[in-house]
Amino acid sequence: MITSKIERLDDEGRGIAYNEGKVVFIPDTLPKEEVEYEITLDKKNFSEGKLSHILHENKNRVLPKCPLYNICGGCSLMHSNIGFQEEYKSNKIKNILRRYANIDTDIKFVKSNKDLFYRNKIVLKVENSKWGYYQKKSHNLLEVDSCLLVNNNINEVIRNHDYINIIDGEITIRTNYLDEILISITSEKKVNIDKNNIPENIKGIVINKETIYGDNYFYDMISDIKFKVSYNSFFQINNYIAGEIFDILRCNLEGENLLDLYCGVGTLGLSLSKKYNNIYGIEKIRNAIEDAKINAKENEINNTHFYVGDTGTVLKNIDVQFDTVIIDPPRSGLNDETLKYLLDSKPKNIAYVSCNTITLARDLNKLSELYNLRKVTGLDMFPQTSEVECVCLLEKNNK
Ligand SMILES: C[S@@+](CC[C@H](N)C(=O)[O-])C[C@H]1O[C@@H](n2cnc3c(N)ncnc32)[C@H](O)[C@@H]1O
């Protein structure tokens, strides 16, 4: 057994210690803790360790509420209190922006209204009729009957699902503000649904893209806007924090023409419909764009133009000078074509919404030649995990 002091946490929430000069990553630890551990992986430049015993505890340590905490690996910060988690996430954004974009800035931080049960969606693997998560860095299924991060309507489905007979595959369960449930399943084997015993709140069941019960969509609310969400559309998983993002955008942006890139079901662009004369949105999932059009109509928003396709490709065919562009890309960040479009067309304002601070920092660095960073807000979209959402407001400089 080796004993070391934890110096700090890395970007994944693992403790960093040093053993004979080599860095060791030890999950489940906190800064300043004195811990005993064993080495589980030894590489040339780093090792990984498994915590065995804590000799000196950080005062922010708490007992993880989930019985599967040590096995599942999903909630990498559940052994710390929420105040510690918020400070860690704020510092994580600060450090990554400094490291990868040479930006030194203050961060405003927005807390979640719930530390648990905040997610409106879960994706589970199914193997031999058992529903669960893959344990971290493995393909070993950990059967679960609930998850402390997801809304309890979803846990009810996980616990009592006699009406769904699935052997292998993947199941996505969503819930909304009306406590309805939308289920989507992919499986190569036959899935049997006992339609006589489906609970009342199940709004729809989709199997391999085919709606076999009810509808393939439902409606959800963020702030004051109602959204149609199809089974395969992206939708923000923490409604409260998504509403806080609306507030940041609404308080800071207004103008003539707004472009919402990677718009999903139109969420961010529609939140600004009263602040711009025209809203344009681009998204690659066809169902999501169809939802976005319906969302505009049903919320009586008449100044929108939505396009389906890859951002880089669609942008070549839109001849509008945008004064503001919102970007909310997938974790991989901006592709080269979209970045080039921004640098060539030079909108006055850019709002970059990101759930991956490293690709955010990479892209901010590329934009820094033409843009100044006005404001950075971190948001606790994913309590108990090391993940954090970030909104950066950029303004065109004089170059
Ligand atoms: C993080 S989500 C943001 C969605 C939306 N802004 C919202 O708030 O709900 C990213 C979206 O980008 C879409 N997407 C990913 N790659 C894309 C691409 N190359 N072109 C267009 N859309 C893309 C995804 O389908 C997803 O809906």
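Colleague: Which residues come nearest to the ligand?

Modeller: Phe-234, Tyr-262, Gly-264, Lys-284 and Asp-328 come nearest, out of the 18 residues around the ligand. A residue is near a molecule if its C-beta atom, placed from the backbone, lies within 6 Å of it. α5 (267–271) and β20 (276–283) are the elements that give two or more residues to this shell. Helices (H or I, at least four residues) and strands (E, at least two) are DSSP runs, numbered from the N terminus.

Colleague: How many residues of each class are in the shell?

Modeller: Ten are nonpolar, four polar and four charged. Ala, Val, Leu, Ile, Met, Phe, Trp, Tyr, Cys and Pro count as nonpolar; Asp, Glu, Lys and Arg are charged; the others, Gly among them, are polar.

Colleague: What kind of model is this?

Modeller: It is predicted: local features need pLDDT of at least 70, side-chain atom pairs count only at pLDDT 80 or more, and totals for chains, interfaces and linings use all residues. Residues are numbered from 1 along each chain as its sequence is written.

Colleague: Is strand β22 buried or exposed on its faces?

Modeller: Start with the general idea. In a regular strand the side chains alternate between the two faces of the sheet. Now the case. In β22 (residues 324–327), Thr-324 and Ile-326 lie on one side, Val-325 and Ile-327 on the other, and all are buried. Buried means 20 or more other C-beta atoms within 10 Å of the residue's own; exposed means 12 or fewer; partly exposed is in between, with C-beta atoms placed from the backbone.

Colleague: Which strand does β22 pair with in the parallel sense over four bridges?

Modeller: Strands pair if DSSP finds at least two bridges between them. β22 pairs in this way with β23 (residues 349–354), and Ile-326 stands opposite Ala-351 there. Strand β19 (residues 255–261) also runs parallel to β22, joined by four bridges. Leu-261 faces Ile-327 in that pairing.

Colleague: Where is Lys-346 found?

Modeller: In the loop between α8 and β23. Its phi is positive, about 50°, although Lys-346 is not a glycine. Lys-346 counts as partly exposed because 14 C-beta neighbours lie inside 10 Å.

Colleague: Which loop holds Asn-208?

Modeller: The one between β15 (202–207) and β16 (210–214). Phi of Asn-208 is near 45°, again positive in a residue other than glycine. Asn-208 has 12 other C-beta atoms within 10 Å, so it is exposed. The flanking strands β15 and β16 are antiparallel, with four bridges. Val-206 stands opposite Thr-211 in β16.

Colleague: What is the strand order in the open sheet of seven strands?

Modeller: β10-β9-β8-β12-β13-β15-β16, with mixed pairing. β10 (141–143) and β16 are the edge strands, each pairing on one side only. The twist averages 30° from one strand to the next.

Colleague: Why is one side of β1 and of β2 left without a neighbour in the sheet?

Modeller: This sheet is open and mixed, with six strands in the order β1-β5-β6-β4-β3-β2. β1 (2–5) and β2 (8–9) stand at its edges with a single partner strand each, so one side of each has no neighbour in the sheet. β1 pairs with β5 (residues 34–42) in the antiparallel sense over four bridges. Ile-2 stands opposite Tyr-37 in β5.

Terms used
Axes are lines fitted to C-alpha atoms, for helices over the stretch in contact, and angles run from 0 to 180 degrees between N-to-C directions.
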